[in-house]
Amino acid sequence: MKIVDDFLTTDEWESMLKTCEIIVDLYKRPDTRGESPEDYSGNTHETLDVYEQWKTPYPPYMTYSLEQIQQCRDVLFKKKCWESFLQKNCEEVGNIVGKPVTPTDIRVCKVEEYDEKDIELNVRKHEKFGYMDNVPHVHLGDDLVYSSVYYIQNPDKEYGTVIEDETLVYGVENRCLFFDGSKIMHCGVWPPSEEVADYPRYIIAMNFKCQ
Ligand SMILES: [Fe+2]
């Protein structure tokens, strides 16, 4: 596991937040909570990858698989902040695993205001860490070698990532966490709803394979 603080320059970090807000607004799903419970089963990356993009859990946890959005490759990924972000991620992971790598999976995740129904569908309560993803998970995929989580915006560092159900890695803004997501069980910690009402939690989760 490796932690890199001040991962992007302040300008790049601010631009990343703006582009992620745009992505989430552009691709926002209709609210179908309660209509098709099977859509919410799992709430794990591997489940999300099996289903199509729009079958991912609805608010408060919105996730967008960028490789499925053509516009991201054509426009967003050519922006300086994204170029720098992708390059730095691949450099760090390449150094860790000792080989050049490429992303397999780039996901923007936002937690916004939520209610009792959302909690029932998406969240579990941990006695120590509070609300978190309902399923601790690993990322499945034959050739995955490593993963990263970049904390873009977070009401408090307490809402980070729990590793192996006991160790909390703080979700410090502009921090990038690198770990073997295919072997290490992990889980995101959610801020209480009132804290994300005006300040949503945004992260970018990525997986990598060797080139
Ligand atoms: Fe994950």
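Q: Which residues of helix 1 are buried?
A: This is a predicted model, in which local features need pLDDT of at least 70, side-chain atom pairs count only at pLDDT 80 or more, and totals for chains, interfaces and linings use all residues. Residues are numbered from 1 along each chain as its sequence is written. A residue is buried if 20 or more other C-beta atoms, placed from the backbone, lie within 10 Å of its own, exposed if 12 or fewer, and partly exposed in between. In helix 1 the buried residues are Met16, Thr19, Cys20 and Ile23.

Q: Which exposed residues does the face of helix 1 turned away from its buried side carry?
A: An α-helix has 3.6 residues a turn, so residues three or four places apart point the same way. On the face of helix 1 turned away from the buried side, the exposed residues are Thr10, Asp11, Lys18, Ile22 and Asp25.

Q: How far apart are the end C-alpha atoms of helix 1?
A: The expected span of a helix is 1.5 Å times one less than its number of residues. Helix 1 has 17 residues (10–26) and should span 24 Å, which agrees with its end C-alpha atoms being apart by 24 Å.

Q: At roughly what angle do the axes of helix 1 and helix 4 cross?
A: Axes are lines fitted to C-alpha atoms, for helices over the stretch in contact, with angles from 0 to 180 degrees between N-to-C directions. The axes of helix 1 and helix 4 (residues 80–97) come within 8 Å and cross at roughly 105 degrees.

Q: What percentage of the residues of the protein chain count as buried?
A: The secondary structure comprises six helices and eleven strands; helices (H or I, at least four residues) and strands (E, at least two) are DSSP runs, numbered from the N terminus. Of the 211 residues of the protein chain, the buried share is 36%.
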